[in-house]
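Please read the following report with the structure open beside it, and look up each residue as it is named.

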Amino acid sequence: MTLFNTPQDRLGTLAPQMAAALIEGLADIAFVLDPAGLIQDIAFGSDDLRNELDANWIGQPWTATVSLDTRPNLESLLDESKQQRLTRWRQATHRGRRGADIPVQYRLLRLKEEDSPILAIGRSLQGFVVLQQQLIDAQQALERDYWRYRQIETRYRLLFRMVGEAILILDAPTQRIVEANPTAGQCLGETPARLVGRHFPEGFDPESTQAINGLLAGARTAGRSDDVRARLSDGAESFLVSASLLRQENASFILVRLMPIQTDAIGSLPEVKSRYLYLIENAPDAVVITDAEGRVLTANTTFLSLIEVAAEQQARGEPLERWLGRPGVDVNVLLANLRQDTKVRLFSTILRGEYGSTTDVEVSATSVRTAERPYFGFFIRDIGRRLQAEPPATPEQNRWLDQLTERVGRVPLKELVRESTDTIERLCIETALKLTGDNRASAAELLGLSRQSLYVKIDRYGLAAEHADQSVETPAQDS
């Protein structure tokens with residue numbers, strides 16, 4: 001602390017009113033104390049502080065206005081004022097009327113001799129405390145974000161290393177490898193550490209290198225690009241390469257996936273058998289092979305195109321009913337028939353794509369029973385563009401319509417509607433039985449009925465007897 005050199009020459013003798021105005025303007029709160037520490041007078045520098053603190057402190061000990069834990073600080077100031085005229089700053093805490101703690105920093109000034117009044121000048125630290133608390137909250141938020149990001153990064157690193165697909169992260173402008181997982185190192189014949197910093201593509205044949213460069217250029221421009229096939233320069237392995245653009249702050253990266261194309265199994269087969277496999281893979285109709293539960297084992301490119309999936313790995317292991325037919329109905333009917341019989345022909349349904357498109361298809365299927373678990377093959381044909389003529393009405397339908405129109409005006413409408421409903425219900429049941437080859441369990445599932453309800457309706461309309469008569473007449477006609 002430094003003092004004025006010549007205060008008497010420069011400031012002169014201040015009048016009491018001038019001194020009071022100066023103190024009120026500089027201090028947030030000021031006390032005039034007697035030598036024993038009792039409050040003689042109080043001045044507040046702002047109305048907010050006056051309203052927050054209790055102004056009825058005159059005549060009370062100054063130390064009684066603060067909290068218990070800060071009273072020793074005021075007692076130290078009073079003892080220090082007996083030794084020197086101007087004391088150091090010390091902090092105390094007042095209790096506000098609304099229960100909030102108000103920190104104030106005090107300094108004592110003894111006006112004249114030892115027995116003269118003492119002036120306590122206080123500065124409110126509320127703004128400083130608010131800023132300090134905001135700083136603490138910001139630091140805690142930063143620490144929480146830091147640990148959350150550390151956890152996210154740890155999970156990302158673990159997933160990046162454990163994922164079965166080969167993944168590379170490239171710097172978009174330079175196409176240099178920034179990160180590579182262990183699977184990518186195995187596919188490219190190098191350790192991930194040695195791949196970092198290299199230019200990509202490297203080690204592919206010229207045609208594949210040109211295709212990959214076009215793929216990366218498209219990813220930089222549009223964010224994504226169509227997958228391309230690429231082969232290593234030694235011809236040992238082929239890949240399906242896909243790329244996506246990633247943006248992080250002001251940097252751009254490209255995520256590259258390398259999916260091996262298994263061709264060794266086909267190449268090792270006899271030439272005739274390999275032709276069959278190539279033919280199925282490039283067939284214009286969709287071909288899918290599933291296990292006994294209807295989960296996809298393999299599929300050709302036509303099926304992948306119809307369901308709007310880029311790679312076979314995305315469909316493998318998924319239930320076929322995810323894309324084929326009405327969920328929980330059509331595929332269950334097909335599987336039930338395949339478990340009882342080996343073939344299903346010309347089953348009409350729809351195929352749903354991943355992005356909402358639907359295609360009218362015709363399904364034929366077969367089952368293969370081996371020593372292990374059986375598997376099913378589905379041959380799916382797109383019939384959406386086929387020109388379909390409306391089926392001609394049967395004589396029974398024409399006769400029923402004629403009878404219905406003749407009875408208009410003779411029979412109440414309510415009775416006509418009930419009879420029409422029964423007739424339509426019977427036709428639907430007959431159609432379902434024909435589609436399922438008289439398999440009542442599958443027909444009930446196709447109609448959305450319980451088996452018991454279907455059996456009751458079959459007996460009600462006498463359909464069981466009609467089917468029994470047809471099965472008896474068939475041998476006599478054949479003979």
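In this predicted model, strand E11 (residues 286-291) is joined to strand E15 (residues 375-382) by six bridges, and the two strands run antiparallel. Within this pairing, valine 287 stands opposite phenylalanine 379 of E15. E11 also pairs with strand E12 (residues 296-299), again in the antiparallel sense, over three bridges, and here isoleucine 289 has threonine 298 of E12 as its bridge partner. E11 and E12 form a hairpin with four residues between the strands, where glycine 294 takes a positive phi near 85 degrees. Five of the six residues of E11 are buried, which means that this strand is largely enclosed by the rest of the structure.

On the side of H16, the contact is made by Arg440, Ala441, Ala443, Ala444 and Leu447, which meet Arg451, Leu454, Tyr455 and Ile458 of H17. The residues of this contact divide into seven nonpolar, no polar and two charged.

Leaving aside residues up to four places away in sequence, phenylalanine 239 touches Cys187, Phe204, Val228, Arg229, Ala230, Leu232, Leu258, Met259, Pro260 and Ile261. One of these contacts is with Cys187, and although phenylalanine 239 and cysteine 187 are 52 residues apart along the chain, their C-alpha atoms are separated by 9.2 Å.

| Residue | Relative accessible area | Class |
|---|---|---|
| Phenylalanine 239 | 0% | buried |
| Cysteine 187 | 12% | buried |
| Cysteine 428 | 40% | partly exposed |

Because buried means under 20% relative accessible area, cysteine 187, at 12%, counts as buried, whereas cysteine 428, with 40%, is partly exposed. A disulfide is a covalent bond between the sulfur atoms of two cysteines. With a disulfide taken as a pair of cysteine sulfur atoms within 2.5 Å, the count for this model comes to zero disulfides.

Conventions
Residues are numbered from 1 along each chain as its sequence is written. This is a predicted model: local features need pLDDT of at least 70, side-chain atom pairs count only at pLDDT 80 or more; totals for chains, interfaces and linings use all residues. Side-chain values use heavy atoms; hydrogens and water are left out. Buried means under 20% relative accessible area, exposed over 50%, partly exposed in between (1.4 Å probe, protein chains only). Two strands pair if DSSP finds at least two bridges between them. Contact means heavy atoms within 4.5 Å. Ala, Val, Leu, Ile, Met, Phe, Trp, Tyr, Cys and Pro count as nonpolar, Asp, Glu, Lys and Arg as charged, and the others, Gly among them, as polar.
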